[in-house]
Structure formats: C-alpha cells, structure tokens
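Trainee: I'm new to this one and would like a close look at a single part. Could you walk me through the salt bridges and what surrounds them?

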Amino acid sequence: MIQLTKLSGEPFVLNAELIKYVEALPDTFVTLTSGDHIVVKESLEEVVHRTVEYHQHKQLIPAGARAV
C-alpha cells in the first residue's frame with residue numbers, strides 16, 4: 001500500500017498492486033487495472049518511487065533496482 005493525496009488535499013492509501021500506469025498530463029493520473037483513474041497531487045516520479053519502494057519491501061524487486 002502507498003499513501004497518496006487527492007487534489008482536494010485528502011490523503012488516502014492505494015493498493016500499489018492495482019496500478020496499471022501513471023501519467024503526467026500535467027496533473028498526475030493513476031490508472032488502475034480496473035480502468036478507474038485517480039488524480040493525485042504527487043508527481044509521476046514520486047508515485048513511481050513509492051511504488052518501487054513498496055515492491056522492494058515485498059522483495060518483488062531487488063534492492064538495487066532504480067525507477068525511471
């Protein structure tokens with residue numbers, strides 16, 4: 001799970017396993033495997049960073065792996 005912030009300022013926790021892709025349009029859009037979209041305050045880079053950390057914590061990605 002990763003913590004993100006809606007544009008309204010409300011924090012929420014997202015299951016990172018559900019992220020299909022992330023876009024900066026210029027707001028950051030997170031598209032889920034369900035097809036739903038969530039717009040967040042965090043940058044694309046920050047969402048990717050938190051997602052990589054989540055997967056590293058689960059040991060799905062080796063600790064030395066780097067994000068984009």
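Mentor: There are three salt bridges in this structure, a salt bridge being a side-chain nitrogen of Lys or Arg within 4 Å of a carboxyl oxygen of Asp or Glu. The general idea is that side chains of opposite charge can pair when their charged atoms come close. Keep in mind that this is a predicted model, where local features need pLDDT of at least 70 and side-chain atom pairs count only at pLDDT 80 or more, while totals for chains, interfaces and linings use all residues. Residues are numbered from 1 along each chain as its sequence is written, and side-chain values use heavy atoms, with hydrogens and water left out.

Let's take K58 and E17, whose side chains meet in a salt bridge at 2.7 Å, N to O. K58 sits in the segment after α1 (44–57) and E17 in the loop between β2 (11–14) and β3 (19–24), so this pair ties together parts that are 41 residues apart in sequence. Those labels come from DSSP runs: helices are H or I with at least four residues, strands are E with at least two, and they are numbered from the N terminus. K58 is partly exposed, with a relative accessible area of 37%, and E17 is partly exposed too, at 36%. On that scale, buried means under 20% relative accessible area, exposed means over 50%, and partly exposed is in between (1.4 Å probe, protein chains only).

Now over to R50, which forms a salt bridge with E46, the closest N and O atoms being 2.7 Å apart. R50 and E46 are four residues apart in helix α1, so about one helical turn separates them. E46 is partly exposed, with a relative accessible area of 27%. R50 also pairs with E42 in a salt bridge, and there the closest N and O atoms are 3.6 Å apart. E42 is buried, at 9%, whereas R50 is partly exposed, at 24%. Through shared partners, the salt bridges join E42, E46 and R50 into one network.
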